[in-house]
Structure formats: structure tokens, C-alpha cells
Amino acid sequence: MAKLPKPEELFDSIDWTPPETDWMDTPVEFQPGRWCYPAKKKVVEDLGFPNPREWSPADEDWKIPSNWREIVLEGMKERLEKYRSFKLFMDICVRCGACADKCHYFLGSGDPKNMPVLRAELMRSIYKGEFTLPGKIFGRLAGARKLTEEVIKEWFYYYYQCSECRRCSVFCPYGIDTCEVTMMGRELLHLLGININWILEPVRNCVYIGNHLGLQPHTVKENIEYLCWDIEEVTGLKIQPSFNRKGAEILFVAPSGDYFADPGIYTFMGYLVLFEYLGLDYTLSTYASEGGNFGLFTSHEMMQKINAKIYHEAERLGVKFIIGGECGHMWRVKHQYMDTVNGPAPSNLEVPKSPITGTVFEHAKSTKMIHICEFTADLIAHGKLELDPSRNDKYVVTFHDSCNPSRGMGFFEEPRFILKHVCNNFYDMPENTIREKTFCCGSGSGLNTDEFMDMRMRGGLPRANAVEYVHKKHGVNMLACICAIDRAALSTLMQYWVPEVGVCGVHELVANALVFPDEKTGKKKRTLDLRQQPLKPEDEENV
Amino acid sequence: MSLRELLTEKRDDILQEWYKAILDTYPKEAAAFLRRNRDRFENPVGQRILEGIEGLLDEILGDFDEKRIKYFTDRVLRVRAVQDFNPSVATGYILALKKAIREVIEDDLSPELWSEFLDLLDKIDEIALYGFDIYMACRERLYHLKVEEWKKRVFLLLKRANFIFDEREGSLPQQ
């Protein structure tokens, strides 16, 4: 009979420690839940992108062109010459480690290649090995390596495990923006036909139909009208927004998730209720029916193309200025790129001036486009809104700074100012998890797809962890945010980590609190919120 | 001295051994970070693991309250259920306590403590079984969320077509 091992020996034989190999020698293991599905052949064809084909990252052969090395190196060279920032970021890192523990994906996964410094090094090592003399001579000693197919696979894996949130860049003493390295990585991968469907299909829809979801004009209109019926049930107001109306003063552009997905639709209802209250002269467009811009996660050219339709439509309709809804990356595009890639703005546009308060939004002098939160905050600051914050008393609210408005444009105070006026219970999360140090939802930059669920839950842990803290300390049960991806992704994130907390947009709470003249005189009574739930618990009297 | 007294005296050593065994399941750069940073917001994984194992050890040495044991096990497993681990490795951290305890009290484990020691091992096994339940609940939750997310994504379509059976609010049961 064979000798039975003793428990002690069995225990010792189990080695849970991962192998200690150098990062260059550790190949990527493609495990389900940690990568996104590749773009469909038809979608790639429609967009005129290179190398449309059926393939899967799980396959050994990715069916890339035989001259792939040449294509990538040529692409890199072109971008190093075109973008000085890219060249700088490749050259100046001193590996101080300040960014290493700032990425939410690293914090959640513990995978060293999710440290921003190493994620950039995936590209930097190739830059050194293929473009610099010391790298060519000293090779690994200089942190250089040659471009191989394994590297391409590694790029795909890790550049689609970065949500381009830029938290790491806040801590970099040199200001290296790893997000831009990711952007370059994705652009280079596109040259070989390596991309993900969750980004490219919305891009295709946006280009061909007008919005990420591919809703055709009549559907956009019907959806919004349907929401108006719901508003009527709650408020008694008969709202009839106009579509594609020439001569309106304002063009309002929202992310398409806001008129299709839960809980975004309640935010959209919030916008409509506010505009009705003000009697605003605005119109909605079925052509520029998307505030979001998945082109930003694809290439500079695609970002430009998708963004351009906002100005096209503003020009066609002859509006005076543009208000944009609660969206994340839409604002990064507006703040950092719109002016240079698609400006100057059409000549019919004027510097935005609030028709209610007369405030001139000087900072938007060039783009002629303002954020709905600054518009609303200005109204509140001038006492133009009659608000009853107690209508939101069932909520104890905290605010998630979405990465793009916060780090992309320094937009911190306006949403908080609004929230503090429309609800009585507001508590911020701890200082190192908000404002410019905010943690990403874990699903940004086109990664909010269900096949990526494991990574999203890991990446979202630091955010959820801070929400859990205020939930336990102050009883927070509602997480407000100003981004459509957040509204979708944080709902799922909360359901996993802190199921007691719901998610809403800021303007949903604004509309709940807004007191119409008939409500003030007592002629009408509001008992429901926009979700058609009682404003107050049944045992308390609803106002 | 009873086993409980002995373990209580060596509590911190045991915790340290146990934590080390868990950190060994992560890549070394990550393990170094998890050990180093004590900020609960900047290092949620490390701090949750510490909270979870401290809580469990105190329950084992104290009241062994089922509700609290499940809570502390959940703190760690909810994280490990979405990390790069097989189910056995994810849940195996509970059984690693056995080895940690043996290593710390080996020299003091006299024969009169054996029966108490066997009881202790049974308790850890019991926690491991709770752990399987919690791990599975977390994984099932993820699949549930995938379905739920699709419904939310096309909510207005479903609502307009009268395909929503219940109200959005609360349609997903509390776990």
C-alpha cells in the first residue's frame, strides 16, 4: 500500500504564492471576466477601420496583418512626432512610484501591471527598445524590449484595463498622464484591427444614427414623450418639449442613456421639469442626440467626428448657445478638445448668458457651451428656484465626483452647491476619495460591459468602500453623480458592495424639490417622486 | 492554561502568521503594498482582509456568534470572489488559520490541550463551510447583476412594451 502523506506534508505541498518572474517574463493569462469582447466584423467595416474579421482574444491566432510590426512601429513614430506629450511621457518617468498605488484597478486586483507606472512601461519599454540608442544597445538593462505578438496581446489586456480616469496623473510629480499613454495604446491597436465591441458599436451607432444606443429619431421622440407622461403623473404638468426646432434660444444635449436607461431617465425627467419651471426656450435634437463620445476612447479623429455634430446642429437650428446634460467624458471632450478640434464655434452662437439671471458664462466664451449644473447652480445662487429640500428627506445623499468633470475640468463645487440646496441630508465621502482624488466607478472609458464584470467590481471597490463608510457613519442611502456611465455602472457596483445605497443624477433631486406656483398655493399637491414612489414614508404626511 | 488562554495570549502572533499566509496568495508587489498602507480608503483590500481575520479570530476565541462570523467572512470573501483566484484559493484563506495557529503554539501544545484543539479545528471547518456559501452567493450575485444590468440598460424599451413585471425599485432582492 502506498504511503499516505501526513497532513503536515500535504499542507506544505500547497503553494499559493504566484511565481516570482520579472514582469517582462510574465505572460498574460486571458481569463473570463477580465477582457471585453472584440468588435464585430460588420461594425469595423462600417467605420472603415483596418482589418475587419472574426476573432477572439481567447484564440491563439489573432489574425493580425503579416506586416503588423511595421504598422505599429510606423504608427508609434507618427504619434511620437505628432504629440509632444506622448514623447515626453515616454522619456521623463523616473520611476518614483508615486502613481503605483493610485489606480483603482491595482488597488482592487493587486495585479502589478495595473500599477500606472508599469502600465505605461508596457509601452515605454518598446519605445526604448525600438526608438532609442541606449535601449537598442543595453536592452533589458535599460528597461527596453522588442515588439512581439505577446506584447500586442499584453497591450490589449492592460490598455483595456485602464479607465482613463487620470487619478494617477494627479500624483505624478512630472504630470505624466498615463491616460494618454492608454489612448495611444488603443490607437495603435486599432491599426491592427484589435478593439472592443462595447466601444466600437456605440461609435458606429453614433456616426450612422446619432447616438450610442442607435435610437432613431422617432424613437428618441417617443421615448421622451413617454417620460413626459410619467412626469404628468407625478406633477400634473403637461410638458411638450420641441425637437429640432429652428430659432430656439438653447440647444440641449444629453447623454443618450438618460432617455433610455434606468436610473438615467429620472435625471432626464429632472431636466425637463426644470426647463418647464423656467419656461426656457430650448429644443432637443434627434441628430445631435448624444452627449457622450465613445470616439474619445477610440481615436482623436473619431472623437472629433462625433463631437462635431453638436456644432453642426447648433448652426443648423440657429440657437444662441448650448447646454449639456450630466455626462462624464462629454465634458472632458468639451473642455479639453472641442475648441481646438471643432472650433471656432459657428458664428450664430453667442457667449452663453442665462436668460433667467443674466449671468454671462465668460469661461464658455469660446465653446459657447455650458454644463447644466453651472446653469442650475447660478439659478439657485440668484434665488430663482423655489425649493423644498424636505421632499428629498427620505434620502441621505453623498456625491461621487465623476472622473472627467472633476479631474478633466475642475468641476467640484457646483453639483455640491445644488445638492446642499435640494436636500437636507448631504455628507461628503472622505477627503482622499473625492474631488480631484476621486475614485473611478471602475467602468469608465467604454468598459461598462457585462462580460467585464469581475474587473469592474474590483476596480470599483475603492469607490464602493468609501460609500460604505458614509453609509455606515451617516446612513447614506443615495449616491448622486453627474455622469451617465456612473449612473449605470454605480448602480451595479452598489448592488454588489453596498446594496442599501441607490444611485441618482443631481437633477432628479432638483426636480423632486422644485415647488411650482400651484404647489405653493396648495392648488396641487406632490406626493410622488420622479420614480413614482411616495416622497415620504406612508406614516408621514406627504406635502 | 487552557487552549483559549494560550491562543488569546498569542493572538497577535497568530494574526500576523495568518495575514502573511493570505498575502502570499498575491503577487509580491501587491503584497508589499497591502502590508504597508494602513489607510482604509487607499488600501481597501488589505484593510478588509485585516478586519475580516481579526474579527474571525476574536469570534473563535469569544462567543462564536454565527451572524458576526458570516459578516467577517463576507468582508474578505466578497473581495476575493472577484479577484484572480480559483474558488479553492479564494476560500482557502480560512483553512490557512489552522496552519498559522499550529506554527505559533506548536511548542506549547501539550497532550492535555488536544481535545480543545480538536474542537478548535472543528470550528474553523465550520467557518470554512460558511465561506463556501458566501463565495457562491457572491458569484451568483455577479450573474444576477449581469441580467439586472441589461434590464436597466434597456429599461424604457421594456417599460414601453409592458415587459416589466415589477417596479425597478427593489426588484433585486437584498442579499
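In which crossing, left-handed or right-handed, does α13(A) pass α21(A)? The crossing is left-handed. This model is predicted, and the legends below take it view by view.

**Figure 1. Helices α13 and α21 of chain A pack against each other.** Helix α13 covers residues 264-278 of chain A, and helix α21 covers residues 506-513 of chain A. Their axes lie 7 Å apart. The angle between them is about 50°. Angles of 65 to 115 degrees count as roughly perpendicular and those under 35 degrees as roughly parallel; α13(A) and α21(A) are therefore oblique to each other. On the α13(A) side, the contact is made by Tyr266(A), Thr267(A), Met269(A), Gly270(A), Tyr271(A), Val273(A) and Leu274(A). They meet His507(A), Glu508(A), Val510(A) and Ala511(A) in α21(A). By class, this contact has seven nonpolar, three polar and one charged residues.

**Figure 2. Domain 2 of chain A meets domain 3 of chain A.** The domain assignment gives chain A domain 1 (23-195), domain 2 (205-381) and domain 3 (389-520). The centres of domain 2 and domain 3 of chain A are separated by 21 Å. From domain 2 of chain A, 32 residues touch 33 residues of domain 3 of chain A. On the domain 2 side, α13, α15 (329-341) and α16 (372-381) of chain A are the elements that give two or more residues. Helix α13(A) supplies the largest share of that side, nine residues. Sorted by class, the domain 2 side has 17 nonpolar, 11 polar and four charged residues.

Figure 3. Pro263(A) sits in the loop between β1 (250-253) and α13 of chain A.

**Figure 4. Arg166(A) has a positive phi.** The value is about 75°, although Arg166(A) is not a glycine. Where in chain A does Arg166(A) lie? Its place is the loop between α8 (149-159) and α9 (167-171) of chain A.

**Figure 5. Chain A touches chain B.** The contact takes 39 residues of chain A and 37 residues of chain B. On the chain A side, the elements that give two or more residues are α5 (104-109), α12 (217-235), α19 (453-474) and α20 (484-497) of chain A. Helix α19(A) gives the most, with eight residues. The chain A side has 18 nonpolar, 13 polar and eight charged residues.

**Figure 6. Helices α2 and α4 of chain B cross at roughly 135°.** Helix α2 covers residues 11-23 of chain B, and helix α4 covers residues 44-61 of chain B. Their axes come within 10 Å. That angle makes α2(B) oblique to α4(B), because only angles over 145 degrees count as roughly antiparallel. The crossing of α2(B) past α4(B) is right-handed. From α2(B), Arg11(B), Ile14(B), Leu15(B), Trp18(B), Tyr19(B) and Ile22(B) take part. Their partners in α4(B) are Ile49(B), Leu50(B), Ile53(B), Glu54(B), Leu57(B) and Leu61(B). The residues of this contact divide into 10 nonpolar, no polar and two charged.

Figure 7. The C-alpha atoms of chain A fill a box of roughly 85 × 65 × 40 Å along the principal axes. A compact globule of 543 residues would have a radius of gyration near 24 Å, and the 25 Å of chain A agrees with that. What radius of gyration does chain B have, and what would a compact globule of 175 residues have? Chain B has 20 Å, but the globule would have a value near 16 Å. The C-alpha trace of chain B spans about 70 × 35 × 25 Å along its principal axes. From the N terminus on, the elements of chain B run α-α-α-α-α-α-α-α-α.

Definitions and conventions. Residues numbered from 1 in each chain as written. Chains lettered and ligands numbered in written order. Predicted model: local features only at pLDDT ≥ 70, side-chain atom pairs only at ≥ 80, totals over all residues. Axes fitted to C-alpha atoms, helices over the stretch in contact; angles between N-to-C directions. Helix = DSSP H or I, 4+ residues; strand = E, 2+ residues; numbered from the N terminus. Left-handed = near helix turned anticlockwise from the far one by under 90°. Contact = placed C-beta atoms within 7 Å. Nonpolar A, V, L, I, M, F, W, Y, C, P; charged D, E, K, R; others polar. Domains from an automatic or database assignment. Rg over C-alpha atoms; globule rule 2.2 N^0.38 Å.
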